[in-house]
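Thanks for asking me to look this one over. Have the model open while you read, and click on the residues as they come up.

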Amino acid sequence: MPIDAFHSEAYHGRISLVRLGADDLPALVAFERQANDDAWSEALLEAALRGEGYAVWGARSAEDSALWAVAILAYLPFDAELQSICVLPDARRQGLAREMLGWIMRCARTQGAEHLLLELRASNVAARKLYESVGFEVDGQRRGYYRREDGRSEDALLMSRALA
Ligand SMILES: CC(C)(COP(=O)(O)OP(=O)(O)OC[C@H]1O[C@@H](n2cnc3c(N)ncnc32)[C@H](O)[C@@H]1OP(=O)(O)O)[C@@H](O)C(=O)NCCC(=O)NCCS
């Protein structure tokens, strides 16, 4: 299966995973503003949609094509990095992020990536539990890497998972 094909079995048939392209920028910007507390800027989203080293995946409702979740993957020389994954608040805790991660890991492996890397805020318990539930382990941290809304800093956790 080509890696930009619809994955029509995902999410009990109510959702299709599809690789987003430049035409999806307005919908992607709107999704980020609605769903992501750490929303990417329009310029960064456009660079990811157009960049050769990126794949942007959207989970679209089969009913009306609305975006329910988005994941952004960057390809490195030997590995891949999950730079963002976000699910609409109303669609959380139904297995959608885990489903997307499974698909993304298969795509990254198909592209030759040996590991999937990511980083997250140390306080992001939901994300950490999600990643641990699909086999990621913490292998480092960056002290004071993130800025919090109250102006204080927060550590980043580095996690990875072998794809072989
Ligand atoms: C983190 C996030 C992507 C999870 O998406 P989701 O679709 O709700 O996750 P899933 O339903 O697939 O959950 C899979 C597992 O993750 C863990 N998990 C997810 N949300 C959780 C929460 N709020 N609290 C505790 N564990 C949680 C659980 O282990 C869950 O398995 P279970 O439901 O069988 O217990 C979502 O909360 C989100 O979009 N958050 C805002 C953006 C964000 O923080 N992204 C990560 C940046 S690093």
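My notes follow as numbered points, from the whole chain down to single residues.

1. Before you start: this is a predicted model, in which local features need pLDDT of at least 70, side-chain atom pairs count only at pLDDT 80 or more, and totals for chains, interfaces and linings use all residues. Residues are numbered from 1 along each chain as its sequence is written.

2. The overall fold. The protein chain has 4 helices and 7 strands; helices (H or I, at least four residues) and strands (E, at least two) are DSSP runs, numbered from the N terminus. In sequence order the pattern reads β-α-α-β-β-β-α-β-α-β-β. The radius of gyration is 15 Å, close to the 15 Å that the globule rule gives for 164 residues, so the chain is as compact as a globular protein of that length. Here the radius is taken over C-alpha atoms, and the rule is 2.2 Å times the number of residues to the power 0.38. Along the principal axes, the C-alpha trace spans about 40 × 35 × 30 Å.

3. Buried residues account for 29% of the 164 in the protein chain. A residue is called buried if 20 or more other C-beta atoms lie within 10 Å of its own, exposed if 12 or fewer, and partly exposed in between, with C-beta atoms placed from the backbone. Two residues are in contact if their C-beta atoms, placed from the backbone, lie within 7 Å. Of the contacts between residues at least 6 apart in sequence, 56% join residues at least 24 apart.

4. The ligand site. Which residues come nearest to the ligand? Of the 19 around it, they are Arg92, Ala97, Arg98, Ala126 and Leu130; a residue is near if its C-beta atom, placed from the backbone, lies within 6 Å. Strand 4 (80–87), helix 3 (96–110) and helix 4 (125–133) each give two or more residues to this shell. Helix 4 gives the most, with 6 residues. By class, the shell has 10 nonpolar, 5 polar and 4 charged residues. In this scheme Ala, Val, Leu, Ile, Met, Phe, Trp, Tyr, Cys and Pro count as nonpolar, Asp, Glu, Lys and Arg as charged, and the others, Gly among them, as polar.

5. In helix 1 (residues 25–35), the buried residues are Leu28, Phe31 and Glu32. They cover an arc of only 95° around the axis, which puts them on the same side of helix 1; the arc is that of the directions from the helix axis to the C-beta atoms. An α-helix has 3.6 residues a turn, so residues three or four places apart point the same way. The buried residues of helix 1 pack against helix 2 (42–50) and strand 3 (67–75). On the face turned away from the buried side sit the exposed residues Pro26, Ala30, Arg33 and Gln34.

6. The core. The largest nonpolar core has 40 residues, and Trp57, Ala69, Val70, Ala71, Met100 and Ile104 touch the most other members. Such a core is a set of buried Ala, Val, Leu, Ile, Met, Phe, Trp, Tyr and Cys residues joined through C-beta atoms within 7 Å. Leaving aside neighbours within four places in sequence, Ala71 is in contact with Trp57, Leu82, Ser84, Ile85, Met100 and Ile104.

7. Ile72, in strand 3. Is Ile72 buried or exposed? Ile72 is buried, with 22 other C-beta atoms within 10 Å. Not counting residues up to four places away in sequence, Ile72 touches Ala48, Tyr54, Val56, Gln83 and Ser84.

8. Two backbone angles to check. Ser65 has a positive phi of about 70° although it is not a glycine. Ser65 is found in the loop between strand 2 (54–61) and strand 3, and counts as exposed with 11 C-beta neighbours inside 10 Å. Arg93, also not a glycine, has a positive phi of about 65°. Arg93 is in the loop between strand 4 and helix 3 and is exposed, with 8 other C-beta atoms within 10 Å.

9. Arg161, in strand 7 (residues 153–162). Arg161 counts as partly exposed, with 19 C-beta neighbours inside 10 Å. Leaving aside neighbours within four places in sequence, Arg161 is in contact with His115, Leu116, Gly135 and Phe136.
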